[in-house]
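Open the model in your viewer and keep the selection panel at hand. The stops below can be visited in order.

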Amino acid sequence: MPISVCDRLAELGEIGRGERGLTRQLFTEPEHRARALLARWGRELNCEVVQDRIGNLFVRRAGRSNAPALQFGSHLDTVLDGGAYDGAYGVAGGVSVLAELAAHGVETQRPFELAAWAGEEGSRFPVGCLGSAVYVGWEHLDEMLELRGDDGMTLAQARNGPYGLLPDVPIRDDFPRPAAYAELHIEQGPVLERAGVPLGVVTAIAGMHRYTVRVNGEAGHAGTVPMPVRRDAFSATAELALMLESAAREIGDCVATIGWLAITPNQTNIVPGLVECRIDARSTDPVRLKELDRRIHALAKEVAGRRSVRIDVHRFEERAPTPLDEGLKGILRETLDAHSLAYLDVPSGAVHDAMCIASICPAAMLFVPSIAGASHVGHERTAPADLERGVDAFKAWLLAIDRAL
Ligand code: GLV
Ligand code: MN
Ligand code: MN
């Protein structure tokens, strides 16, 4: 009797657990432990387990032919104080599919390859979908190894340290192009739950621009510098943040967030002289994303002029909105219809590794509901019945893709 996806998620969900949620950042002890657990699960299923030099981990089950694999997967890293389902569900669900195929002696046409992509969240090193972006060639391994994490360590130092690559797993240096890619994920929003529908066919993934903003003002004594002559870098940033919020509301169908901010020197009795923050801006509509980009630069100029501070805006990540493959979505809808499973077409506001993989092969995604739409928080949940149903539907979809390819 194969282990259920809920049991696998419960085991993964103990790794990195803290008071407010799960924290498994790339190349830290808990994230390393989660990858080691996946490698063990893969070996227990008699699959080939390999990794590449950015830390992507692959569990491969042979098919009748050695044709390009049908690849599926998600990620094991989390945001700070995140949930137990974002990413982990797609990985644990993929293991469940492989275990079911093994239990029933199912032979597939082509190899089935589960991928756990490294550093999807961009939460330690500031590039999202890091492992899958390197896999498809959007980012170069050597450049990424120079990235500095929020803790001051470079990616190379972290990867070469004790929690880097798995010591007992062979390294694969090529990046084979899969025949197709499918990703199972929690919705992370409220649409499916509100509609009372258990499955979502993902239409497209929102595009995302990320920026670093440096606001240079003038530090001074909090008790003596008179208000009219201050060049307070934090007040300027706060004004920029509120104007950005209004701009995103005005444009509509887009979101903009400042979730990371550092004040220097960050002391109660000093007027802030320097603020660095990051803007995360998203939309499924490229026109709105472009308008947001224009507004961010215009607002920075306006606030800088009015407050006599200097504001430098640098876009460090640019991901275009990604429509998912019509052929794979068609196979998914047919499969769900054949199993009398209700579904809804939904866009994804979150980004996913499927976005990168879609640039090298047909890619599509299946969602299950998130309770109260909560995600990137410790109380992220999906009902066990929805998790199980999602895996069953995902397995049926993969087998249908394998037959159709
Ligand atoms: C990852 O979950 C993201 O959308 O940033
Ligand atoms: Mn995710
Ligand atoms: Mn996430």
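The model is predicted, so local features need pLDDT of at least 70 and side-chain atom pairs count only at pLDDT 80 or more, while totals for chains, interfaces and linings use all residues. Residues are numbered from 1 along each chain as its sequence is written, chains are lettered from A and ligands numbered from 1 in the order in which they are written, and side-chain values use heavy atoms, with hydrogens and water left out.

**Helix pair**

Select residues 5-13 (helix H1) and 29-44 (helix H2): their axes come within 10 Å and cross at roughly 145 degrees. Helices are DSSP runs of H or I with at least four residues, strands are runs of E with at least two, and both are numbered from the N terminus. Axes are lines fitted to C-alpha atoms over the stretch in contact, with angles from 0 to 180 degrees between N-to-C directions. Now show side chains: Arg8, Glu11 and Leu12 of H1 meet Ala34, Leu37, Arg40 and Trp41 of H2 (contact means heavy atoms within 4.5 Å).

**Ligand 1**

Next, select ligand 1 and the residues around it: Glu120, Glu121, Arg210, Arg282, Ala350, Val351 and His376 (a heavy atom within 4 Å). Which distances separate oxygen atoms of ligand 1 from N or O atoms in the side chains of Glu121 and His376? For Glu121 the distance is 3.2 Å, and for His376 it is 3.1 Å. At Val351, a backbone N or O atom lies 2.9 Å from a ligand oxygen.

**Backbone features**

Go to Thr264 and Pro265, joined by a cis peptide bond with omega about 0 degrees. Pro265 sits in the loop between strands E9 (255-264) and E10 (270-271).

Finish at Cys129, in the loop between strand E4 (112-117) and helix H4 (130-136). Cys129 is not a glycine, yet has a positive phi of about 50 degrees.

Methods: Polar contact = N/O pair within 3.5 Å; in protein donor to acceptor, adjacent residues only side chain to side chain.
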